[in-house]
Amino acid sequence: SKKVEVLGVEFDHTTKTETIQMLTKRLKARKKTFVVTANPEIVMYAQRDPEYKKIVQSADYIIPDGIGIIMGAKMLNNPLPERIPGFELMKDLLDVADREQLKVFFLGAKEQVLHKAINNIQQDYPGIHIAGYHHGFFKGNDPDIAKMVQAANPDMVFVALGFPRQEQWISQNSHLFSKGLFMGVGGSFDVLSG
Ligand code: UDP
């Protein structure tokens, strides 16, 4: 699809509705998918960390999260259709998982926050199969945690470790999976726990 470059990060020229349609298709086809919702902080950080920039660029979809990205693209005379907040994209994906009865794994946030979020998700999206969950306060790239996610055979994995760690986790462990939609979601579990 058409790309729009902002400071070396190639965003997808897409709307939220189109994105959800594409991602739903890929989920049904069991295609492994890495989504980065990149806000200005992520784009700026990628300038300083080339390894992280490579990880972001390796994503299947880079989504403009934040008005700063939309404004940047406009100033570069290569406008993007709309801002797509990561939290909204996550909620739309939870709707898809609810409808399609998909298996979802939740990785990250503080243990209590995560438990509250899981309870709320189970109530609001009763069709979702909670494949598993684990808090985000572990050291490094703990192989036992990666194996736990792998063993759950999830259709979707939401990783709430904050950037850059969440995208690093996805990139480092992607090879363990043959399917699944992987997306870093920042502080989303904290919002969902409320
Ligand atoms: N977090 C985590 N492990 C860590 C650091 C942070 O699980 O080692 C969680 C934190 O509890 C929060 C989420 O990561 O739920 C995102 O944090 P933040 O809002 O700082 O995200 P950012 O906007 O930096 O992506």
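Helices (H or I, at least four residues) and strands (E, at least two) are DSSP runs numbered from the N terminus. Residues are numbered from 1 along each chain as its sequence is written. The model is predicted, so that local features need pLDDT of at least 70 and side-chain atom pairs count only at pLDDT 80 or more, while totals for chains, interfaces and linings use all residues.

**View 1. Helix H5 (residues 86–100) and its buried residues.** The expected span of a helix is 1.5 Å times one less than its number of residues; for the 15 residues of H5 this gives 21 Å, which agrees with the 21 Å between its end C-alpha atoms. The buried residues of H5 are Gly86, Leu89, Met90, Leu93, Leu94, Val96 and Ala97. They cover an arc of only 160 degrees around the axis, the arc being that of the directions from the helix axis to the C-beta atoms, and therefore lie on the same side of H5. An α-helix has 3.6 residues a turn, so residues three or four places apart point the same way. Leu89 in H5 counts as buried because it has 22 C-beta neighbours inside 10 Å, and its C-alpha atom is separated by 9.5 Å from that of Ile63, 26 residues away along the chain. After H5 comes Gln101, with a positive phi near 55 degrees.

**View 2. Strand S5 (residues 103–108) and its parallel partners S6 and S7.** In S5, 5 of the 6 residues are buried, so that the strand is mostly covered. Strands pair if DSSP finds at least two bridges between them; S5 is joined to the parallel strand S6 (residues 129–134) by 5 bridges, and Phe105 has Gly132 as its bridge partner in S6. Another 5 bridges link S5 in the parallel sense to S7 (residues 156–160), where Met156 is the bridge partner of Val104.

**View 3. Helix H6 (residues 111–124) in the β-α-β unit with S5 and S6.** The unit is right-handed, meaning that, with the strands pointing away from the viewer, the path from the first strand over the helix to the second runs clockwise. With 14 residues, H6 reaches 20 Å from its first C-alpha to its last, close to the 20 Å expected. Val113, Leu114, Ala117 and Ile121 are the buried residues of H6. Seen down the axis, they fall within an arc of 95 degrees, so they line one face of the helix. Glu111, Gln112, Asn119, Gln122 and Gln123 are exposed on the other side of H6.

**View 4. The cis peptide bond from Phe163 to Pro164.** Omega of this bond is near 0 degrees, and Pro164 lies in the loop between S7 and helix H8 (165–173).

Terms used: A residue is buried if 20 or more other C-beta atoms lie within 10 Å of its own, exposed if 12 or fewer, and partly exposed in between; C-beta atoms are placed from the backbone.
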